[in-house]
Amino acid sequence: MMKKMIFSSIALLGVFVLASCVKTDDVVEETSSLWYHTAANHVTIGGDETQADFQITSDCPWHIETEADSWVSVQPQTGNGTQCVTVVAASTNPSSTETRSSSFVIVTQDGVRKRVTVEQSPSTEEEPPTPPTPPTPPIPILDVTPSSMTIGAIESNAHQITITSNQEWTATCDAEWVHFSTSPGTGNATLTLTFDKNANITVRIATLTISADSLSRQVTITQEAGHLQTMGATTIEDVDETEARLSGSLIYTEFPVTEFGFYISTEANPSETGEKWAATGTLQAGDTFSVTVGELNKKTHYYVCAYATTDMGTVYSNVVDFETLSIPKEGDLNKPKH
């Protein structure tokens, strides 16, 4: 009787061992040598944490399989029998409103596979505030009116340049004869220009540059050439043996006359070889002027020209000639000599 009972027990054990190696999905939960802890096949990680413990209960070796792009890993990845493992999240939950989930698979030595779901709850940490968007800098604006101007040689009126800008600007000029009121400036403005007189017989040009940020605008300034003064004819009057009265006139001048009078010489080029006799007073266009020259030699041939000096230089009249007398004129015998 005892032998029959032992045989029956051995037979039942063989049936159990055979059943534990069956791998069909229908019987895995009943025959597997793998059990879970009280949380079954689910593990939760706090949103502000990066790991949680999970107990594997088994009576054989096992290993862990995770997807390549999963944010979950398990340490250690292999074991034998019942063991506590650590489920590790790559980071805290980046979301403060949504739970994220992943999984891993426990595989036993005899081929039993069980999937464990991992959930990470929303983070309680406040997301950093979005930094304010820096203001977009305004598109630079720069306009200058007019872009060119022509002025006279002795222009005395101030001219204005209108600047339209939303930036700080500076004004520069490549000519010293141009003067402006303000630089630098900011925003819309009016630039007042004044000019030196052009005491030259050629036109001159200057460039005024207005610069703001990466922009620049130019104003071309053309100043007309100066004009030489024009002298009238020189006349000779009241000639005697030692004196003569010389008269001249100024027809046109653009610049003020600073000196005027006559040159007298015994040679035909009095402006170069003669003696200067300056007149007094002021001289304007249309005026005449006279000088009485004395201490001349009797019966001597003289050459005379008038002159007038301005910023443009000195201009001479035509050359005239005369001859002093050899004896005093009738009625001049008793005239005092100077």
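Is Glu65 buried, exposed or partly exposed? In this predicted model, Glu65 is partly exposed, with a relative accessible area of 32%. Glu65 takes part in a salt bridge with Arg113. The closest N and O atoms of this pair are 2.9 Å apart. Arg113 lies in strand E9 (residues 113-120), and Glu65 lies in strand E4 (residues 61-65). The two residues are 48 residues apart, and the pair links distant parts of the chain. Arg113 has a relative accessibility of 46%, so this residue also counts as partly exposed.

The search of the whole structure finds three salt bridges. Side chains of opposite charge can pair when their charged atoms come close. Another of these bridges joins Glu259 and Lys276, with the closest N and O atoms 3.1 Å apart. Glu259 belongs to strand E22 (residues 259-265) and Lys276 to strand E23 (residues 275-278), so the bridge ties together parts that are 17 residues apart in sequence. Glu259 has a relative accessible area of 30% and is partly exposed. Lys276 is partly exposed as well, at 39%.

A further bridge is formed by Glu323 and Lys299. Here the closest N and O atoms are 3.6 Å apart. Glu323 sits in strand E27 (residues 320-323). Lys299 sits in the loop between strand E24 (288-293) and strand E25 (301-310). The separation is 24 residues, and this pair too links distant parts of the chain. Glu323 is partly exposed at 37% relative accessibility. Lys299 reaches a relative accessible area of 57%; the cut-off for exposed is over 50%, so Lys299 is exposed.

Tyr263 is in strand E22 and Tyr307 is in strand E25, 44 residues apart. Both tyrosines, Tyr263 and Tyr307, are buried. Tyr302 and Phe322 form a stacked pair, because their planes meet at 25° with the ring centres 5.7 Å apart. Tyr302 lies in strand E25 and Phe322 in strand E27, so the pair ties together parts that are 20 residues apart in sequence. Tyr302 and Phe322 are both buried. Phe260, Phe262 and Phe289 form one aromatic cluster. A charged side chain also meets a ring: Arg100 lies over the face of Trp71, at 4.1 Å from the ring centre.

Two serines were followed in detail. Ser247 is placed in strand E21 (residues 244-252). Its relative accessible area is 12%; buried means under 20%, so Ser247 is buried. The side chains of Ser247 and Ser290 are joined by a polar contact of 2.9 Å. Beyond residues up to four places away in sequence, Ser247 touches Ala233, Thr234, Thr235, Glu237, Phe262, Phe289 and Ser290.

Ser70 is found in the loop between E4 and strand E5 (72-75). The side chain of Ser70 makes a polar contact of 2.8 Å with the side chain of Ser102. The Ser70 side chain also reaches the backbone nitrogen of Val72, at 3.0 Å. Leaving out residues up to four places away in sequence, Ser70 touches Ser102 and Ser103. Ser70 and Ala90 are 20 residues apart in sequence, and their C-alpha atoms are 8.8 Å apart in space.

Cysteines were considered last. A disulfide is a covalent bond between the sulfur atoms of two cysteines. The count of disulfides comes to zero. Cys173 is at 24% relative accessibility and so counts as partly exposed. Cys305 is at 2% and therefore counts as buried.

Methods. Residues numbered from 1 in each chain as written. Predicted model: local features only at pLDDT ≥ 70, side-chain atom pairs only at ≥ 80, totals over all residues. Heavy atoms only, no water. Helix = DSSP H or I, 4+ residues; strand = E, 2+ residues; numbered from the N terminus. Buried < 20%, exposed > 50% of the residue type's maximum accessible area, 1.4 Å probe, protein only. Polar contact = N/O pair within 3.5 Å; in protein donor to acceptor, adjacent residues only side chain to side chain. Contact = heavy atoms within 4.5 Å. Salt bridge = Lys/Arg side-chain N within 4 Å of Asp/Glu carboxyl O. Phe/Tyr/Trp six-rings, centres within 6.5 Å; stacked < 30°, edge-to-face > 60°. Lys NZ or Arg CZ within 6 Å of the ring centre and 35° of its normal. Disulfide = S-S within 2.5 Å.
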